[in-house]
Amino acid sequence: MDLRSIEACDSASGRPRLSDADRRQLLYLDAVRRGAAVAADDLAGAGPGAALWRADWATGTDLDPRLLLKLHVGPVMSVAWGEIGERPLVAVGTREQDEALGGARYRLRVWDVLSLRSRDLPCAEPVRCLAFAVTEEGPVLVSGHDGGRLRIWDVADASLRKAVETGGDDLHDLYVVDDQYGAESDRRTPMVTLDARGRVRLWSLPTGEQAGELDAPVAYTIRGGRLADGRRVLLTGGHGLSLWDLDGGGRLPLPVPQESRRVRDVVLFTSDGRDRAVIISDYISISAYDLATGARLSDPIDAHVNRSPDGLMRVWSDPGPSVKLAAVSGTLAVPTPQRVHLWDLETSQQRHPPLVGPVACSTVQTVRWQDRDLLLTGSSYDGVVALWNLDRPVTRAPGHGRHINGVTLAGTAGVVVSADEGGTLVARHAVSGRPVTAPLATGVERTRGLAAWADGREIFAATGAGSRYVPDGRLRRWNMTAGVQHGRPVQTHGTYLHCLARVRVGGDDVLVTFGPDRMFKLWRPADGALLAETMTGLSAMVTGFATGADGGRPLAAVSTYGRPMTLHALDDLTLTPIIIPEAGDDIVLDVAGPHVVAGHAVHERGGPTTVRVWNVSGGRFGADVRGPAEVTSAAVRAWPTAYIGRADGTVSLTDLETGGDLCPPVLLPSRPNAMTVTGDGDLIVGFGADLARLRPPAA
């Protein structure tokens with residue numbers, strides 16, 4: 001089968017059991033994102049069924065043409081690729097939040113990539129590692145688990161062939177010799193396991209008996225493969241490096257130097273007929289070497305060095321000493337919290353633009369299919385397994401490169417300002433979506449708070465950032481029109497500034513902030529002067545913050561961990577705040593008049609899946625709005641209606657009084673993390689690195 005015939009980079013692909021209405025909605029939105037107006041109009045008017053949510057405009061940053069195919073499977077813990085009878089299979093271990101149980105639910109499934117059909121294996125525990133193999137009895141799947149358990153599954157009927165107890169130590173990694181080449185295994189062909197104690201042991205695949213243990217230094221990672229001369233080898237890294245001949249059983253010379261105390265990962269690959277090794281040091285400095293001579297190929301790649309515990313360039317990995325990278329035809333794929341960066345190992349320069357889209361918090365591995373080396377990603381955040389052809393060209397319009405986490409209107413100027421976690425700010429005309437100016441890259445990572453306003457013809461924005469790991473409690477103001485910082489940063493709350501909004505006080509624009517020092521502060525936007533402040537008795541652990549107005553009086557609602565929800569009058573900070581003890585641990589989402597829209601978690605350890613409303617008197621309003629997925633954002637439209645976004649990618653327009661939806665929800669390509677409402681009731685929503693203006697059919 002020709003790979004080109006099944007390319008599926010659109011948002012509707014890879015979604016099992018997708019309804020016709022949702023498919024049409026996603027394809028329509030993709031057409032708008034690509035600027036294909038004729039196709040969008042055709043889809044909007046095609047077929048019977050529910051009317052679509054119309055998009056006046058939408059951006060398409062996350063529509064990456066390098067995406068060949070994808071599967072929406074749920075939060076990925078482990079993934080393996082196999083090819084059985086020329087049919088590509090993907091095995092996936094997932095961890096899903098089960099609200100009915102109040103905890104995690106684990107699944108192990110094998111997917112037929114082409115048909116989107118899956119089969120559950122009877123396994124309800126975490127799957128740490130996976131590998132396909134071919135035996136004389138047929139194809140099998142090997143899974144590694146906590147407590148040292150190995151399980152060997154029959155791929156054909158999903159039955160358990162054999163359970164192997166390797167000892168009480170959790171299994172961290174697994175390599176089945178030649179599993180990716182389709183060669184038949186015999187009694188001498190081993191499975192190789194790496195456990196929590198750093199032991200590398202060999203096991204017989206047919207019998208499950210231990211076949212040996214390598215006298216290797218304590219290992220954090222193992223990588224197997226073939227050298228250019230055909231030998232099957234295993235490279236280990238940890239407290240030391242070692243290279244092993246899996247055919248001959250001996251240790252091979254390894255001239256590659258170990259330049260740090262510990263090795264976090266190793267990668268084997270062949271380029272131009274020469275064997276190479278990538279060594280990732282303790283501090284995530286990345287170097288590539290010639291495996292035969294030990295010569296370094298180029299300067300180290302230091303862009304991912306652990307300079308910041310919550311930096312966006314840090315390598316994403318599961319908890320533990322190891323990280324997992326992959327080499328695809330000389331390109332090194334490095335997963336970070338929101339992107340996958342692609343480096344040329346011969347030059348140590350970025351070879352291609354980073355992968356965006358459904359790759360947040362991903363595992364990466366190299367697979368070979370139809371004589372091509374491809375990259376396979378498995379995202380624990382997006383719940384997507386995706387296959388990528390890195391050689392395809394890609395161009396992107398200027399905009400966001402990270403997840404959007406803030407969207408707000410600049411007063412009555414008809415401009416919407418959005419911010420992403422990399423600190424890029426974009427101002428767009430709210431009607432057309434056209435950028436007002438070029439994106440402003442502030443360089444402030446983990447931007448959280450956002451406010452915007454207009455002063456004449458100029459658009460301004462204010463941002464907050466920082467964390468407990470990287471203190472930064474400064475209020476920064478930006479002239480979006482000029483593309484420069486406005487004035488000097490103002491120190492506000494010490495450690496970080498996440499709660500920030502623009503409100504009208506006495507007819508003037510004022511910036512309100514709340515921080516870990518438990519103080520409310522009001523600031524003049526023009527010069528950053530402090531206008532008023534007050535101490536509160538709230539916890540510093542804020543879970544929700546929103547502002548609004550009740551009868552012209554500006555209010556701020558705050559929910560904090562372990563304290564009742566409170567409402568504060570911002571035109572007079574000396575007034576006693578309103579306390580709503582009945583709200584418990586509800587999370588503030590929005591404020592509309594005398595009402596606070598909040599998220600409620602059914603289980604203590606789960607996220608909020610229910611939306612309910614409180615009024616300033618402490619009483620409840622309307623009905624509980626329950627849903628199957630966690631609430632990620634909400635914005636009041638015209639009372640009592642509100643848009644509610646959830647982690648499954650849906651946005652509903654809901655009557656908060658009755659709890660009923662006014663129209664079918666819209667399914668977005670990814671979860672809606674930020675939203676605001678225009679004066680005429682349209683929704684402007686940020687999902688992934690993209691933004692769209694949507695109008696529900698009920699409008």
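Buried means under 20% relative accessible area, exposed over 50% and partly exposed in between, with a 1.4 Å probe and protein chains only. Helices (H or I, at least four residues) and strands (E, at least two) are DSSP runs numbered from the N terminus. This is a predicted model, in which local features need pLDDT of at least 70 and side-chain atom pairs count only at pLDDT 80 or more, while totals for chains, interfaces and linings use all residues. Residues are numbered from 1 along each chain as its sequence is written, and side-chain values use heavy atoms, with hydrogens and water left out.

Q: How many of the residues of strand β21 (residues 286-290) are buried?
A: On one side of β21 lie Ile286, Ala288 and Asp290, and on the other Ser287 and Tyr289, all of them buried. Both faces of the strand are therefore covered, given that buried means under 20% relative accessible area. The count of buried residues in β21 is 5 of 5.

Q: Which residue in β21 is the bridge partner of Ile280?
A: Two strands pair if DSSP finds at least two bridges between them, and β20 (residues 274-281) pairs with β21 in the antiparallel sense over 5 bridges. The two strands form a hairpin with 4 residues between them, and Ile284 in the turn has a positive phi of about 65 degrees. The partner of Ile280 in β21 is Ile286.

Q: Which element gives the largest share of the lining of the largest cavity?
A: A cavity is a set of points, on a 1 Å grid over the protein atoms alone, where a 1.4 Å probe fits but cannot get out, and lining residues have an atom within 4 Å of a point. The search of the whole structure finds 1 cavity of 30 Å³ or more, where a volume is the space filled by probe spheres set on the points, joined across faces, edges and corners. Its lining includes Ile286, Ser287 and Ala288, as well as Asp299, Pro300 and Asp344. The largest share, 3 residues, comes from β21.

Q: Where is the residue Pro640, whose peptide bond from Trp639 is cis?
A: The bond from Trp639 to Pro640 has omega near 10 degrees. Pro640 is placed in the loop between β50 (631-636) and β51 (641-646).

Q: What is the relative accessibility of Cys361?
A: Cys361 has a positive phi near 55 degrees, although this residue is not glycine. Cys361 sits in the loop between β25 (349-355) and β26 (362-369). Cys361 counts as buried, at a relative accessibility of 14%.

Q: Which cysteine has the sulfur nearest to that of Cys129?
A: A disulfide is a pair of cysteine sulfur atoms within 2.5 Å, and by this rule the count comes to 0. Cys129 is buried, with a relative accessible area of 4%. At 11 Å away, the nearest cysteine sulfur is that of Cys123.

Technical notes:
On a 1 Å grid over the protein atoms alone, a cavity is a set of points where a 1.4 Å probe fits but cannot get out, and a pocket is an open set with protein on both sides within 12 Å along at least five of seven lines; lining residues have an atom within 4 Å of a point.
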